[in-house]
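Me: Could you take a close look at the disulfides here, and then at a couple of the strand pairings? I'd like the geometry spelled out, with the cut-offs behind each term.

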Amino acid sequence: SDERRVGLKPFELRWRSRLKCPTPRALSWRRGLHGMAGRLVWCSRLLLLLLLSVGPASAQSSTNARSKLNCSAPNASFILNALDPPCAEGFFIDPYYYCTTRCRPGYRPDEPVLNCFPDNTKSPAVASLYPPTFYCDADPCVQPVGIANASDPPCSQAAHAPFFPQHASLCIAKCQNGFSPSFANLTCDAGRLYPATFECLPKPCILSSYDFSVNCSEPGDLFFHGTICTPKCAQGYAADVQALHCILGNLTPSAYICTGMPCPAPEVLHAHPSGPCQEGSEVDHGGNCTAQCADGYEPWCSDEREPRFGCQLRCHASEFRTSFVCKGRPCASPNSSSIANAKLSTPWACAEGPLVDHGRSCTPMCQRGYRPNVAALSCSLTRLSPPIFECLGLPCQAPKGIEGAAEVACQEGSTIEHDDVCTARCAFGYKPDNQTLSCRGTVLTPPSFSCLGLDCVVPTDIEDAAEPACDGTPLGGNLSDGSSCTARCAPGFEPSVTSLPCKGSMLRPSRFKCLPSSALENGTRMDDSTLRLGITRHLAMAPLELGTSVVCYRDVSLRRTPQSFCSVVEANVVAIWRGDLVPLTLGEVSALVLAPLQAGYAVACYRDDVRSAGVFCKVLSNSGFDLATSDEKVASASPTWHPALVAVDLPGGLPGALLCYQRGSSACACRALRGGAAAGAPPVVSEELPLEGSLALAVAVAGLAQGVGVVCLVDGLRHRRTHCTALSLAAGPAGGGVVTAAGELHQVSEGEASSLVLARLGPELAVVCFTDRSREEQGVCRILDTSGSGPFVTEGLLPLSSGLTRDLVLAPAGLNKALACYQVSEWLGQQQGRCRVLVHVPERGLISGAAVEVNVGRTWSLTLSRLYDDTALACYTDSSEQGHGKCRVLWGPWGWEVAEARVCTPFDSSCVA
């Protein structure tokens, strides 16, 4: 290029100096078509063109052509990674000048220059680049440097990839042992590594690489360099090292051993003072604990069937596989042969056997009829407490099922103590064949006794009876128990009962009656107990004499008057006779009461709704079924309610009656009645004595001692409670009586009452019964004692029934005895008729016998009349039989003494058997 040596002109030197032949360093060694040979061909062509163009003749023309031609730079869009424009000189290159190729950073051109030559052989002349284009080749990468703990070199060749450090090759990062690269490989891209470098980090420790022989308390499988793994063992085991250190991917130490932990001595109740294990407070893994207990106890290991000394517990991994308890040693059972009356079927006296476990009890065993003095003997550490027991004789039960015996067959009671005696006790009219029975161990000796019936006295006071009254017996003689009295009457008379059995010193029934033969012919025998076939209402009855009563009622089935009738009734345990009907009144009777006067006479009072609802009275007299009525007497002309009538003894011993009633709405009032002075005369009625400040909703009266009566009422002014007071009677004009004084009213019921009745028990005692609404309307009774000068004394409150009770009626049955009948409904619509005996026992108060059914149908309008000492007649309306009036005989053994009542059926004497 030295113009002096070449001899070229200056302008020629200028463009020629721009022509460059590529040197070997500028050649691309990676492209076959553009290798060394190809470049030499291009250079030879360039020199040929130069020689042709520098001839003398054509120098001037070439100069002109250059001034008109230039080369266009290659299209950068067709050269990958080239800059735009791809030539440093711009988009156009002058002829004989060159294009300095340009690529993006990280890339270099495979041709550093492209020469621009005109081609004058063509017309017109053109200029072209030689070579016409170039490629941008990526720069290679260099090995990273300055990496601590990296290998030398830090990069290794990847398989099946370009050789590093060529473009698109991979640098496989390599570190020294114990370190791992932060990146597994780096990618070479245009002279740069991505990422640019890496770090050599200490390797972590991975537990899974230890084949799971290491288990750490810390969570996870990965432990970083410098951290600690706390060895973890199974429950009850401990590691031989406290920690494993992670150093450059390895645990140090690399393994550990889990050894079983010792077992602490178990906590056992009643263990030995030195501890539960003979080996001490701890037992090594795999060792044994020899159990030991305090004195009086023995160990019982759970894997053995019974306690024994020396049993052992095996220690495994800080736990004993079994356990033990210190069980109190058992107690020996007492010998049965050493205890009197102990059970001898076994040598030991405890039901549990020869040994009794600690903490349990020995159940003493005695012979039959004996009981131990203690219920149990407690066992505690080989000792029984108490150490022994006794067998005591059990009491005996009084014998039962003995015919003729009292309700409790022993005088000492239903229970006889061991080594005591039973004094035999028979019912009234019987005597025991053996006075005493010894009790020993529940056994009576002899085991029972018999009650022998006493003889019966032949009655001697029967009017019109033959002598003797019983066939085959001497006058004043007796009948032996079990025999019968065949009744005998004087000629022209017939006995009411033909045969009276003797049982327990009493005839059954106790007496009979001799009736004129003509009288029985006038009566009608009631074969089925039916008194009246009509619809009967307001039945009332009163005794006339022994065995004879008068019954009155209203028959509402009649469409004509009169509707009210009376008739005589003769009754005993086997038959009932009824006399002819006698009209009582033509009025409409809405209440009817009767009371006896002297023998054969009674007084009847009734409320007549036609005549201002006043009360009127008549005297009834009887002579052999021939009933007569007296003229009528007005007892109360104003409206009257709830009349009550009872027989009383007037002063001077005259028979009379006491009538009490509610007069209008003013007050309750009472009058005394006396039979007429002559046959057929009306009763004598005394002046009225009002009980001021009272409003009676129900009234009941009873006669006590001579000249004394009692009236009770349900007082509407006193919250419907039952109140009672005593009445005094005195002699009145015309041989009658008068009610002179009334005491204060005394309350005898706590709740509201209704259906009130009253009956005499003795000179100073009466029984009052009522329906108590505070007790679900049950019937109750209590005693009234008028012996004191102050208020009445009331005793007890005896229930009559458990159901709804209505229509009560009472009749005296002897001293301290009364007969009660009532309607009871234990379920809806029952309304059954029942009766029971009430007895006042001074030591026990008021008691009652068992209830008997008088009528199973719907029963109401009940009335009672005493026939004999042991017989009564009950009449009632039976709504189940179209409202017919019916009568039944009630009989009580030994004159109601045992509070027993039996219902008798016509033609059947079984009720007195």
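Reply: Here is a walk through the cysteine links first, then the strands.

A bit of bookkeeping: this is a predicted model, so local features need pLDDT of at least 70 and side-chain atom pairs count only at pLDDT 80 or more, while totals for chains, interfaces and linings use all residues. Residues are numbered from 1 along each chain as its sequence is written, and side-chain values use heavy atoms, with hydrogens and water left out.

The structure holds 30 disulfides, a disulfide being a pair of cysteine sulfur atoms within 2.5 Å. Take the link between cysteine 71 and cysteine 116, with an S to S distance of 1.9 Å. The torsion about its S-S bond is about 85°, so this disulfide is right-handed. Cysteine 71 sits in strand S1 (residues 71-72) and cysteine 116 in strand S6 (residues 113-119), so the pair ties together parts that are 45 residues apart in sequence. Strands here are DSSP runs of E, at least two residues long, numbered from the N terminus. Both cysteine 71 and cysteine 116 are buried, where buried means under 20% relative accessible area, exposed over 50% and partly exposed in between, using a 1.4 Å probe and protein chains only.

Next up, cysteine 263 is joined to cysteine 315, again with S to S at 1.9 Å. That link is right-handed too, with 90° about the S-S bond. Cysteine 263 belongs to strand S22 (residues 263-264) and cysteine 315 to strand S26 (residues 312-316), so this pair connects parts 52 residues apart in sequence. Cysteine 263 has a relative accessible area of 0% and is buried; cysteine 315, at 1%, counts as buried as well.

Then there's cysteine 301 with cysteine 311, where the S to S distance is 2.2 Å. With 80° about the S-S bond, this link is right-handed. Cysteine 301 is in strand S25 (residues 297-301), and cysteine 311 is in the loop between S25 and S26, 10 residues apart. Cysteine 301 is buried at 1% relative accessible area, and cysteine 311 is buried at 0%. For contrast, cysteine 668 is in no disulfide: the nearest cysteine sulfur, that of cysteine 670, is 5.0 Å away. Cysteine 668 is still buried, with a relative accessible area of 0%.

Now the strands. S9 and strand S10 (residues 170-175) run antiparallel and are joined by four bridges. Along that pairing, serine 156 stands opposite isoleucine 172 in S10.

Finally, strand S33 (residues 377-380) has Leu377 and Cys379 on a covered face, and Ser378 and Ser380 on an uncovered one. In a regular strand the side chains alternate between the two faces of the sheet. On one side, two bridges join strand S31 (residues 361-362) to S33, running antiparallel, and cysteine 362 has leucine 377 as its bridge partner in S33. Three bridges join S33 to strand S34 (residues 383-385), also antiparallel, with cysteine 379 opposite leucine 384 in S34. S33 and S34 form a hairpin with two residues between them, and leucine 381 in the turn has a positive phi of about 55°.

Technical notes:
Pairing = 2+ DSSP bridges.
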